Amino acid sequence: MSLYKRLQESQVASPLRRDSVLDELRLRVHHQLIDALGPVLSDGKMGELELRRRVEDELRNALATESTPLSMADREALVSDVTDDVLGYGPIDRYLQDPAVTEVMVNGPDQVYVERAGKLEKVPVTFLDENHLRRIIDKIVSQVGRRVDESTPMVDARLPDGSRVNAVLHPLAIGGPFLTVRKFSKDPLTIAQMIELGTLDPQVTRFLQACVQGKLNVIVSGGTGTGKTTLLNVLSAFIPGDERVITIEDAKELQLRQEHVLPLESRPSNIEGRGEVPIRELVRNALRMRPDRIVVGECRSGEALDMLQAMNTGHDGSLTTIHSNSPRDTLSRIETMTLMAGFDLPIRAIREQMSSALDLIVHLTRLRDGSRRVTHVTEVMNMEGDIIVLQDIFVFDWSKGVDEAGRFLGSLKPTGIRPKFAEKLRDLGIELSAGLFTAEEPARPAARHR
């Protein structure tokens with residue numbers, strides 16, 4: 001059992017035990033460890049396993065000289081937790097290492113939640129106090145050259161494995177600090193795994209493969225935590241290896257496996273309020289880097305205009321993600337973000353840009369059973385009056401209901417409509433068979449003309 005849990009339980013019998021004994025002991029041996037191994041911890045020359053063994057040995061030696069009575073279990077728990085503080089991320093370190101946990105949410109020092117299988121659960125660990133939580137947050141953000149303090153109380157960062165981190169401090173976080181870590185697998189999900197999870201099916205996968213190889217401009221949309229970045233990673237696997245790809249992100253999360261990939265990451269302002277490089281600036285600069293494709297991790301504001309311009313100026317096959325509730329809302333969001341660029345553009349001009357630039361919207365939804373499913377694959381067509389016409393190619397079949405465990409039984413089904421861009425793909429040598437849009441076919445790669 002964790003020392004943090006033991007501390008909580010011990011308060012029932014002795015309210016002063018945590019503050020007067022264990023906390024004091026923990027801080028004392030922590031400081032002794034830093035004094036003894038400070039240079040070793042920072043030089044980076046020692047391997048991870050050897051460094052952990054050295055730290056644990058030093059802690060046990062420090063505890064051997066202490067007169068505080070401790071059981072063997074408490075002694076080992078203290079060694080483990082102080083080691084996690086020094087080398088890892090304190091009481092949440094075990095959940096960051098747990099492959100079953102997809103998200104860790106710290107709602108102040110006394111409340112920690114995790115997400116497993118799409119469901120939230122409170123876990124029996126706490127931080128010692130706000131300062132303890134602040135030290136862990138500072139350790140995370142400093143690793144990627146970011147900062148968070150009273151003058152900049154919000155920060156987006158990432159862990160070394162690519163996991164996304166958001167932190168909010170006082171005075172914005174009442175009862176905080178708040179820390180949210182969205183984990184990313186060390187080995188990105190493959191197409192086969194997404195099909196096994198039910199997010200995609202073989203029929204839709206073949207269709208999306210043809211669309212990416214045919215250099216259609218694709219938007220992946222959905223709400224928070226629906227798996228947009230994960231699906232974007234999967235779609236990027238279909239990009240041919242001989243193309244020059246530039247990725248642009250706020251915090252690096254994409255894990256493209258092609259050889260010719262140039263990742264760019266935005267930069268916040270420094271302590272003097274200077275040096276900020278937003279995503280919009282990176283998109284404009286990417287156009288001068290001779291890209292075959294531009295992949296933007298997420299469009300959030302004015303960069304949507306530059307992304308549309310890129311799609312309309314010969315950079316076909318671009319991919320990005322957008323927060324929205326439906327394919328139709330995706331267009332409304334892009335329209336709003338384009339206006340955020342600061343130009344007084346007519347609405348019709350923006351919509352004409354969108355109808356010309358965008359080809360396909362793939363919409364994800366997190367269902368009540370915790371699963372993430374693609375619920376719409378929608379073609380963006382031309383303008384009729386002032387409205388952009390959309391037509392669904394595949395939609396999720398809700399009519400099958402749920403099983404006894406509450407899991408949705410439906411899947412993506414073709415609407416029977418053949419997309420208009422099928423002729424464009426045919427001209428590029430990619431054939432979409434008629435059966436793809438009427439009934440399920442055995443899995444096979446999209447056919448190519450030679």
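Let's start at Phe343, which sits in the loop between helix H12 (327-339) and helix H13 (347-357). Helices here are DSSP runs of H or I with at least four residues, strands are runs of E with at least two, and both are numbered from the N terminus.

Before going on, a word on the source. This is a predicted model, where local features need pLDDT of at least 70 and side-chain atom pairs count only at pLDDT 80 or more, while totals for chains, interfaces and linings use all residues. Residues are numbered from 1 along each chain as its sequence is written, and side-chain values use heavy atoms, with hydrogens and water left out.

The cut-offs are under 20% relative accessible area for buried and over 50% for exposed, with partly exposed in between (1.4 Å probe, protein chains only).

Next, helix H13. Its buried residues are Ile350, Met354, Ser355 and Ala357. What do they pack against? The partners are H11, H12, strand S13 (372-384) and strand S14 (387-396).

That brings us to H11, residues 303-311, and to Asp306 within it. Asp306 is buried, at 9% relative accessible area. Which residues does Asp306 touch, beyond its neighbours within four places in sequence? Arg280, Val283 and Arg284. Contact means heavy atoms within 4.5 Å.

With Arg280, Asp306 forms a salt bridge, the closest N and O atoms lying 2.5 Å apart. This pair ties together distant parts of the chain: Asp306 is in H11, Arg280 is in helix H10 (residues 279-286), and 26 residues separate them. Arg280 is buried too, at 17% relative accessibility. The rule for a salt bridge is a side-chain nitrogen of Lys or Arg within 4 Å of a carboxyl oxygen of Asp or Glu. By that rule, the count is 21.

Stay in H10. Arg284 and Glu281 pair through their side chains in a salt bridge, 2.7 Å from N to O. They are three residues apart in H10, so about one helical turn separates them. In general, an α-helix has 3.6 residues a turn, so residues three or four places apart point the same way. Arg284 is partly exposed at 30%. Glu281 is partly exposed at 40%.

Arg290 and Asp292 meet in a salt bridge at 3.0 Å, N to O. Arg290 is exposed, at 56% relative accessibility. Asp292 is buried, at 18%. There is also a network: salt bridges link Asp156, Asp250, Glu298 and Arg300.

Last stop, helix H4, residues 72-87. How far does it reach from its first C-alpha to its last? The 16 residues span 22 Å, close to the 22 Å expected at 1.5 Å a residue. That expected span is 1.5 Å times one less than the number of residues. H4 has a list of buried residues, among them Asp74, Asp81, Asp84 and Asp85. Ala77, Leu78, Val79, Val82, Thr83 and Val86 are buried in H4 as well.
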